[in-house]
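Colleague: Could you walk me through how to read a pocket and a helix in a model like this one?

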Amino acid sequence: MREPWVVGVSGASGTPYAAAVVRGLLDAGAAVDLIVSRAARLTILDETGRPFRDAHWAEDLAAWLGRDLAGADLRHWPAGDLAAGPSSGSYRIRGMAVVPASTAACAGISIGLSKDLLQRAAEVNLKERRPVVVVPRETPVTRSHLEHLIALHDAGAVVLPASPGFYGAGAAASAPQLVDFVAGKVLDALGVPHTLFRRWSGELAAARRDAEGA
């Protein structure tokens, strides 16, 4: 029986993180259900120059991810479809990542607003005690933002800020490497295998480079 991961993309800046997570899930052979909020469509267009349209979602997603999606187990649910599969706890889902998570999405999920399918799906996964990873991308934050994140943590979500580490690639890390670091941490939290970044091994980078060059 099909049991996908749900990826919800909200309107915060940081849509490359979402693309990297989806690519990582597909590379791991996982099924993916995608929900892109209305605000996220504007952010995708602004950050990539590419549209994301319900009627052409497969074509637009392939262009956004930069790969051929033939054979991929993908399903798209319009954000306004509150009768969609992920809106019900009886729909088979392994868990969900909200990446990036806007402050509005975090607030809506934490208080049970169910403004759209993304918020509803996240709430459903929380109530069903499935893995939920929320990736806020906002700085600085207000007290209300922190309170909503604490509420999500207390409800069982993993709050994973888009905060890349540099130990994998060093201070000269490229933007794609930093994006992959965050995406890899999301996949780690979901328990999905990947090779998106070099893991810390207890060896400083300078010593590692010397050893590799020897």
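Colleague: Which helices each supply at least two residues of the lining of the largest pocket?

Modeller: A pocket is an open set of points on a 1 Å grid over the protein atoms alone, where a 1.4 Å probe fits, with protein on both sides within 12 Å along at least five of seven lines; lining residues have an atom within 4 Å of a point. Helices are DSSP runs (H or I, at least four residues), numbered from the N terminus. Here the helices are α2 (38-48), α4 (103-111) and α5 (117-127). Among the 16 lining residues, Ser 37, Arg 38, Lys 115, Asp 116 and Gln 119 lie nearest the pocket's centre. This is a predicted model, where local features need pLDDT of at least 70, side-chain atom pairs count only at pLDDT 80 or more, and totals for chains, interfaces and linings use all residues. Residues are numbered from 1 along each chain as its sequence is written, and side-chain values use heavy atoms, leaving out hydrogens and water.

Colleague: How many residues of α5 are buried?

Modeller: Buried means under 20% relative accessible area, exposed over 50%, partly exposed in between (1.4 Å probe, protein chains only). In α5, nine of eleven residues are buried, including Leu 117, Gln 119 and Glu 123. Just after α5, Arg 129 has a positive phi of about 60°.

Colleague: And which side chain meets Asp 54 in a salt bridge?

Modeller: A salt bridge puts a side-chain nitrogen of Lys or Arg within 4 Å of a carboxyl oxygen of Asp or Glu. Asp 54 pairs with Arg 41 at 2.7 Å, N to O. Arg 41 sits in helix α2, and Asp 54 in the loop between α2 and α3 (57-65), 13 residues apart. Arg 41 counts as buried because its relative accessibility is 17%, whereas Asp 54, at 35%, is partly exposed.
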